[in-house]
Amino acid sequence: MKKFLVYIVKILILTILIAILLDGVYTYIYLQAGNRGKVERIFTSKPQKYDVVILGTSRANNHFVAKMFEDKGLKTFNYGMSGGHLFETSLLLKLMIERKFLIKNIILEADLSLANDQESEGISAKFLPYIHNSDIIKEHFKTNENFNELYYIPFYRYIKYEAKIGFREAFYTAVDKKTNALDNLGYYPLKKHKNGNMKNNIAKLKPLQHNKYYEEIKKLCQDNHINFIAVMTPMCENVVGMNYFDKVKKVYPEIHNYENVVVEDKYFSSCGHMTDAGARIFTARILKDFFKK
């Protein structure tokens, strides 16, 4: 029995040592990254200077043509993250400030995401390789139910979110395989599809009276002397429950409502995402209204 217990202890110690080693290897790989995605780009890059930084969900990623800002002489990057929520958007801005980015204007797409203050696990996982290398990331995740496991158990985060930061992603990062996430200055253009979902029902959506992460973003801009521009972006003409945008305006009067600037279905890839043609019409309007000079 004693020999068996000693054997079990040895196996346990060996497992812990292997986990620590793998954790170190994976983390080292991600610390050298820079070409795979937007989180890696911010964390590993030198301090940047921007006239305009675009933040938000896929409705930011697909709706703001960064090159059109650049054509006006405004250094711009679209850091919108498809699938993300304001949880990740707030953390992204915190990281930029931690990394000494100098930003004149933030354009935040804030509409449907105001209805929740939850994290998007698939997107938030992209920050986890750096949780031991950034107090900002550590503090942001501290309220999560599984924070202790993520922070204190070696290699746990890489196993739990294997699909996002596991072996495959670590390997591609190690060999410096690029993605299209950083193409077009972060903007991802969409095409018109025959089978695009051109119906949507947002009647049950309600903006939170106090969205913690939206308020964080607003305060970060205020504290760092960044001009804060929050906007609601267009949806197609067949949406049920469009009074949601009126509800947002009532709770957050500072948010500019652009939901009806582009409405024709021909400008949409799906009901909530414009094609490149629609995005260019919308971006031109934003430039006209906020950056005319």
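Student: Why is the pair Glu264 and Lys266 called a salt bridge?

Tutor: The model is predicted. In it, the side chains of Glu264 and Lys266 meet at 4.0 Å, N to O. A salt bridge needs a Lys or Arg side-chain nitrogen within 4 Å of an Asp or Glu carboxyl oxygen, so the pair is counted as one.

Student: Is Lys266 buried or exposed, and how do you know?

Tutor: Lys266 has 51% relative accessibility. Exposed means over 50%, so Lys266 is exposed.

Student: What makes Lys67 and Asp71 a salt bridge?

Tutor: Their side chains meet at 2.7 Å, N to O. That is within 4 Å, so the pair is a salt bridge. Asp71, at 53% relative accessibility, counts as exposed. Lys67, at 48%, counts as partly exposed.

Student: And why is the pair Glu139 and Lys142 given that name, salt bridge?

Tutor: The closest N and O atoms of Glu139 and Lys142 are 3.3 Å apart. The cut-off is 4 Å, so the pair passes. Glu139 is partly exposed at 46%. Lys142 is partly exposed at 41%.

Student: How many salt bridges does the count come to?

Tutor: The count comes to 13 salt bridges. Some residues are linked in a network: Glu215, Lys218 and Glu254.

Student: Which residues form a nonpolar patch on the surface?

Tutor: Met1, Phe4, Leu5, Tyr7, Ile8 and Ile11 form it. Together they have about 670 Å² of accessible area.

Student: How do you know that the span of α1 agrees with its 30 residues?

Tutor: At 1.5 Å a residue, the 30 residues of α1 should span 44 Å. The end C-alpha atoms are 43 Å apart, which agrees.

Student: Which residues of α1 are buried?

Tutor: Ala19, Asp23, Tyr26, Thr27, Ile29 and Tyr30 are buried in α1. An α-helix has 3.6 residues a turn, so residues three or four places apart point the same way.

Student: What covers the buried residues of α1?

Tutor: The cover includes α2 (38–44), α9 (156–160), α10 (162–165) and α11 (167–174). Thr173 is in helix α11. Thr173 touches Ile29 and Tyr30, as well as Ala33 and Arg36, leaving out residues up to four places away in sequence.

Student: Why is Thr173 called buried?

Tutor: Thr173 has a relative accessible area of 8%. Buried means under 20%, so Thr173 is buried.

Student: Which residues touch the most other members of the largest nonpolar core?

Tutor: The core has 85 residues. Phe69, Tyr79, Met96, Ile106, Ile107 and Tyr214 touch the most other members. Helix α5, residues 86–98, gives the most to this core, with seven residues.

Student: What is Phe69 in contact with?

Tutor: Leave aside neighbours within four places in sequence. Phe69 is then in contact with several residues, among them Val52, Phe64, Ile107, Thr283 and Phe291.

Student: Why does Lys49 count as exposed?

Tutor: Lys49 has 59% relative accessibility. That is over 50%, so Lys49 is exposed. Lys49 sits in strand β1, residues 49–55. Beyond neighbours within four places in sequence, Lys49 is in contact with Lys75 and Leu102. Lys49 and Leu102 are 53 residues apart along the chain, yet their C-alpha atoms are separated by 4.7 Å.

Student: What is the phi of Lys100?

Tutor: Phi of Lys100 is near 65°, a positive value in a residue other than glycine. Most residues other than glycine have a negative phi. Lys100 is in the loop between α5 and β3. At 58% relative accessible area, Lys100 is exposed.

Student: Where is His225, and what makes it exposed?

Tutor: His225 is in the loop between α12 (212–223) and β5 (227–232). Its relative accessibility is 72%. The threshold is over 50%, so His225 is exposed. His225 also has a positive phi, about 55°, although it is not a glycine.

Key: Residues numbered from 1 in each chain as written. Predicted model: local features only at pLDDT ≥ 70, side-chain atom pairs only at ≥ 80, totals over all residues. Heavy atoms only, no water. Patch = residues over 30% accessible without salt bridge, like charges linked within 9 Å, V, L, I, M, F, W, Y side chains within 5 Å. Areas by Shrake-Rupley, 256 points an atom, 1.4 Å probe, with all protein chains shown as cover. Helix = DSSP H or I, 4+ residues; strand = E, 2+ residues; numbered from the N terminus. Expected span 1.5 Å × (residues − 1). Buried < 20%, exposed > 50% of the residue type's maximum accessible area, 1.4 Å probe, protein only. Contact = heavy atoms within 4.5 Å. Core = buried A, V, L, I, M, F, W, Y, C linked by side-chain atoms within 4.5 Å.
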